[in-house]
Structures are given as C-alpha cells and as structure tokens.
Protein chains: 2
Amino acid sequence: MSLGEFDFIRRHLHTAPAEGVLLGIGDDAALLRPRAGVDYCVSTDMLLAGRHFFGDEPPADIAHKVLAVNLSDMAAMGAQPRYLLLSAALPQLDEAWLVPFCRQLQAMAAEHGATLVGGDTTRGDYVFNITIIGELPAGQALRRSGAQAGDEIWVSGQLGLAAAGLQQRLGRLRLPENVAARCVQALQRPQPRLALGRALLPLAHAAMDVSDGLAQDLGHILQASAVGADLDLPSLPTLPALRRLLPEQTLYPLLLAGGDDYELLFTAAAENRPAILASASASGTPVCCIGRIRAESGLCCRQADGSVWPLERQGYDHFD
Amino acid sequence: MSLGEFDFIRRHLHTAPAEGVLLGIGDDAALLRPRAGVDYCVSTDMLLAGRHFFGDEPPADIAHKVLAVNLSDMAAMGAQPRYLLLSAALPQLDEAWLVPFCRQLQAMAAEHGATLVGGDTTRGDYVFNITIIGELPAGQALRRSGAQAGDEIWVSGQLGLAAAGLQQRLGRLRLPENVAARCVQALQRPQPRLALGRALLPLAHAAMDVSDGLAQDLGHILQASAVGADLDLPSLPTLPALRRLLPEQTLYPLLLAGGDDYELLFTAAAENRPAILASASASGTPVCCIGRIRAESGLCCRQADGSVWPLERQGYDHFD
C-alpha cells in the first residue's frame, strides 16, 4: 500500500497535546513554551543501516535503538526527556514495516515522558536522526568536566554484551545460544538509564554514557576534567557467562573498547557511595565501582595480578 | 589526511560562547537556558546526496542549501534562529571537502544569529540533518492555519527557478547559459526570507515556505485553515527569461509544482497591503500578490483568458 508523506505523518506520528507544546507536527516548525527555572538540553544522533543496525532487523528493534541512543544522552546529563524530532530516510512507505516502527517509537517516548513534535521523511536507504530536547533544574546538569582526584568511578549495568552480540551476528564469535541471545538483546534493545541519571544529579561530579567504548569515553571525562584514572579490570561488570567463556584477550577488549553499551559512566566522591547504591537500588539499575580518579593524567588498567593491561584500541572510531 | 571524529568536531565545528548557551559542543548534550516571554520553535530537515543535492556539488553550496532549507522553516514561522544541531554522514573525513563546508555553515549561521550547539558524525554516503531552534515573541508565530476568506495571497521572490535549474542539470531543459546559471544558483543557494518572515508577524494571517511546490504547499494552508483559493497564474512571479523562453505547458508546472523554491507564501487582509509592501521593501525581499482566499474549499488556478488551469500534479512527493 502506498501512502503520501503527509498521510504517513498524520497517521503514524501524530501525537496527543502535551504540556509545553503549543504546536506539534504539521506546520513548518513545532512551538514550545519552556518553563522558567529550567535548563534545556538538546542532543542529536544519526543511525544508518549497515553501520548502527542491520537493515533486516525487526522495525520495532530499530525504533527502540534509535530512540534509546538519544535517550541515553539525556540520561548522561541527568535530564528529563521532553521533545523529540525524527528525520527518516526510508526505501519505501511500507505500512507493514512502519506500523511496528512507529508504535514502538511512540510507546517508548511516552514511557519516558517525551513527545514527538516534528520530523521529516524522505526516500533513501534507512537513515534515522533523532533530536531530543530535555529539561533539568537550572545549573544542575551532569557534565563530563567535573571529575575530581579521589572520586570513585562507577558504571551502570554490564559492559561488553552489545559488542559480543555484534561479533556473534558477524560470525566472529560463537557463543552458546542463550548467551548469544542475551548479547544480541543488549545490542538491539539497550536500556537508557534515565532514572539513575536524574538520581545522580546531586551525587555525581561527572557523567557520560558509554557509547564508543569504556576506555575512550572515560578518556573524554579525564580530558574534560584534566585528571587521570586507575581502572580495576576484574571489577568491570559483565555477563558472568562471558567472563567464563572468553579468555581475557577476547573479553577485555569487548569490555574496554566494544561500544554500544549505553550504560552510565560517572564519578563521585567516596562519601557518596551509600547514596549512590541507594539510588541505584531505587531506580532498579545495578551499578559497580570500577576504579578511582587520580590527579596524574593518563588511564591505567590493572589486571588481577596488579600488572597493567596494554590499551591498544581505546574504542570505536566512527571513521575507522 | 585522516582525522579522528573528535578532532574533527573540535577543529571545524567548535563555536564561540553565545547568549543562552550554557554548554555547547563536546558533552552528551548542549545546555540552553531560554529567556522567559519567548516561544521556542524547532524544526528538522534531512538532506541526502542524489535526492536533495548532487554529491559532486561544491561543499560550500551543499552547506548553504542544508542550512538554508532549515532557516527557511524559521522564516515561515516568523522566528529568529538561535541554535543548530548538525548530524552528518560522510564517506570520509576529507579536510579539503570539510573545511569549505564547515566554513560556509558557520558563516551563514552567524549571519543569521544562530549558533551550532551539537552534532553527530558517522561514516556513510552524504546525509545531512539539521535541527534548528528559533525563538519569537510569545503567541505570535505564523502558522498555516490562520488564512481567512478575503485574504490576499502573497509569495516572495520568484518561483520555478530552482525547478528549472534541476531540469537543466538533469538535461531535460536546455536554457541559455546565463539563464541556466541563474536557475542553478537558485537551486543551490536558496535565500531564506528571515527578515521578511519576522516583519510579517503582525501582518500575515497564515504563512509557510514553498518547498514542495506552490500548489501543494498552498493546499496545506487551505486545509489547515479550512478555506479555498483562487490563484492568478499570469501574476506568479518568475524570471522574465523563463516566461519568455518556455511555453505555458512547461512553465506553469515549474511554477506550481516545481518545489525547492524556499520562498514565503502567506495570506493577509487586503488592508495590510501597504504595510506588507513596506516590509518587503525594508527587508529587500520582493513580494507579489498572486490570488485571494475564498470561503469555498478547493484551489482554482486561472489563466490570462479566465479559463481554469488543470492541476495534475500538485507538487513534489518525497516518495514518488
């Protein structure tokens, strides 16, 4: 069935009126009227078939990932997502594909308190771009630049699953079926850590989301904060089965440089440890202390025997 | 020369501090602190090589068009552009291509009072997505829905040049060299009508920009406003040489359904005619009255002899 672009927008992407939205989809721009006393934070991410997802994945999985990646940026700032704009290049207007895509996108946006207020569609191989606008109490955003010597370094969830899932899908790893399914699930359905991010506003000194690999992303915090760090490799959280199945030479690169984790990486004063554990528990998000910030620059990863792990490739380079 | 993504962002897309920007490029999101008493309007447009521009065009022309298309949406709302986010898929990080692209983007953004606050880059065939955030006095935005029976219909600039330029580039028209150059210039370097858009805030009842063709875009105003219109074809503004060179069977489809004009289409009470002409003159933007809104629905295009022009194809369908 063929649909015109405007019918498509009307039928599948129209949303109910929402607080702060004077005008949503359907004009040249949406109109927002922000409240006083809040900061707005805004971020954009583009995902391409064959690069960020497989074009043959279920459309609901693609929608989940496209939105999760953007929500994760809001989590990393401690923000409440409010408004979304979606641009989509699609090979054709295929309702069987679009309906589950749009349904998942709308459901997930609603779940996290965000409203789709604008968009653009065009014909082409699958490309999705979301711009997301969030809000948070004035002056409280979590930045990359606040880490202080002596801070403990924390990460949420488990690392390396998405990277292992990708290697499995590319035929470079052969994991047992149940382990592979967990890892592919992590690749296709990352969980943005929004509740944890907001809970960290008064607790963390610096934060970001791990999207390009732990070592590279921690490097951004270190650079922005002009500090260094010691990481304790055995304490990096991952799926126990991966730790059991994979030799360290395979496992550590997945944990340190795998990318696509969309977990929160943050630093906080040691005295905040009880409050952090309580926030993690309240938000249903496991967290793990993986190292410590130091004044001296550089990143040192120590193995169980105290020896230093050589960091060859720090993470995902989008132009490698 | 090969560059990392982060070096690329730092070197070419970093911008100076700007009013209202607490945090720009370099963290997971930018932080904005909007002023009270203003409405924010936000819009997004995705442009793909081979669909919206030719991949072999000069990078400065591509940058101009990508930004102009987005600025034109702000003009159509009567907004002052403030913040931009750019997502780019690029086949490689080629400085010889990127430097003129970024320079043009930054210069044009600065010219119109906008600041780049975020972005995303990835590898792929050229795709550019800009999200633009503008501001305007609370409650004053120009919408598509305000047209009233009796309003005069106006359009800025000249129509059909970009469409003729595209036909020329595709070898489907053979215009004299100087005429072809004017038309290709209109295709590659559309001029967003921002000053006119802002001047129209107290004068126009409805407005939008003509991007998909006059007939289709006017149709959106008619639908949103629940009115109809009579258009006077001989009064449609275009390049005199096109009117001289092309038969009506070629010319009128270019004017009515060509697309890519990025001119302002607006309706206003007849009593505002002197003020509209004065605003057009003050903003250096020619405007032309091309018809009238009527209560009865439908769009009727009349030729010089009073007969009705049959509208076959209303405009550009992104999925044709």
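Contact here means heavy atoms within 4.5 Å. The model is a predicted one.

First, a residue in chain B. B:Ser87 touches A:Thr44, A:Asp45, A:Met46 and A:Asn129 in chain A, and B:Asp120, B:Val127, B:Phe128 and B:Asn129 in chain B, leaving out residues up to four places away in sequence. B:Ser87 sits in strand 4 of chain B, residues 80-90. Is B:Ser87 buried or exposed? Its relative accessibility is 0%, so B:Ser87 counts as buried. The side chain of B:Ser87 also makes a polar contact, at 3.4 Å, with the side chain of A:Thr44.

Now the relation between the two chains. Chain B is superposed on chain A by a rotation of 180° with 0.0 Å of shift along the axis, and the RMSD is 0.0 Å. That is how a two-fold axis relates two copies. Which C-alpha of chain B is nearest the axis? That of B:Ala36, at 3.1 Å from the axis. Both copies use the same surface: of the contact residues of chain B, 100% recur in chain A.

Next, helix 5 of chain A, residues 177-188. With twelve residues at 1.5 Å a residue, helix 5 of chain A should span 16 Å, and its end C-alpha atoms are 16 Å apart, so the two agree. The buried residues of this helix are A:Val179, A:Ala180, A:Cys183, A:Val184, A:Leu187 and A:Gln188. Where do they sit around the axis of helix 5 of chain A? They cover an arc of only 160°, which means that they are on the same side of helix 5 of chain A. What covers these buried residues includes three helices of chain A: helix 2 (59-77), helix 4 (161-169) and helix 8 (240-245).

On to the aromatic rings. How many aromatic pairs are there over all chains? The count comes to 16. I will show two.

One is A:Trp97 with A:Tyr126, a stacked pair at 4.7 Å centre to centre, with 20° between the planes. This pair links distant parts of the chain, 29 residues apart: A:Trp97 is in helix 3 of chain A (residues 95-111), and A:Tyr126 is in the loop between strand 5 (115-123) and strand 6 (127-137) of chain A. A:Trp97 and A:Tyr126 are both buried.

The other is B:Tyr252 with B:Trp309, an edge-to-face pair at 5.0 Å centre to centre, with 90° between the planes. Here the partners are 57 residues apart, with B:Tyr252 in helix 9 of chain B (residues 248-257) and B:Trp309 in the segment after strand 12 (298-302) of chain B. B:Tyr252 and B:Trp309 are both buried as well.

Back in chain A, ring pairs join A:Trp97 and A:Tyr126 with A:Phe53, A:Phe101 and A:Phe128 in a cluster.

Last, a loop residue. B:Val227 lies between helix 7 (214-225) and strand 9 (228-232) of chain B, in the loop there. The cut-off for buried is under 20% relative accessible area. B:Val227 has 9% relative accessibility, so it counts as buried. Which residues does B:Val227 touch, not counting those up to four places away in sequence? They are B:Ala147, B:Ala149, B:Leu222, B:Ile293, B:Arg294, B:Ala295, B:Glu296, B:Ser297 and B:Gly298. From B:Val227 to B:Leu299 there are 72 residues in sequence, and 9.3 Å in space, C-alpha to C-alpha.

Definitions and conventions
Residues are numbered from 1 along each chain as its sequence is written. Chains are lettered from A and ligands numbered from 1 in the order in which they are written. This is a predicted model: local features need pLDDT of at least 70, side-chain atom pairs count only at pLDDT 80 or more; totals for chains, interfaces and linings use all residues. Side-chain values use heavy atoms; hydrogens and water are left out. Copies are superposed by least squares on the C-alpha atoms of residues with pLDDT of at least 70 in both. Helices (H or I, at least four residues) and strands (E, at least two) are DSSP runs, numbered from the N terminus. Buried means under 20% relative accessible area, exposed over 50%, partly exposed in between (1.4 Å probe, protein chains only). A polar contact is a pair of N or O atoms within 3.5 Å; within protein, one must be able to donate a hydrogen and the other to accept it, and residues adjacent in sequence count only if both atoms are side-chain atoms. The expected span of a helix is 1.5 Å times one less than its number of residues. The arc is that of the directions from the helix axis to the C-beta atoms. Rings of Phe, Tyr and Trp (its six-membered ring) pair if their centres lie within 6.5 Å; planes under 30 degrees apart count as stacked, over 60 as edge-to-face and the rest as tilted.
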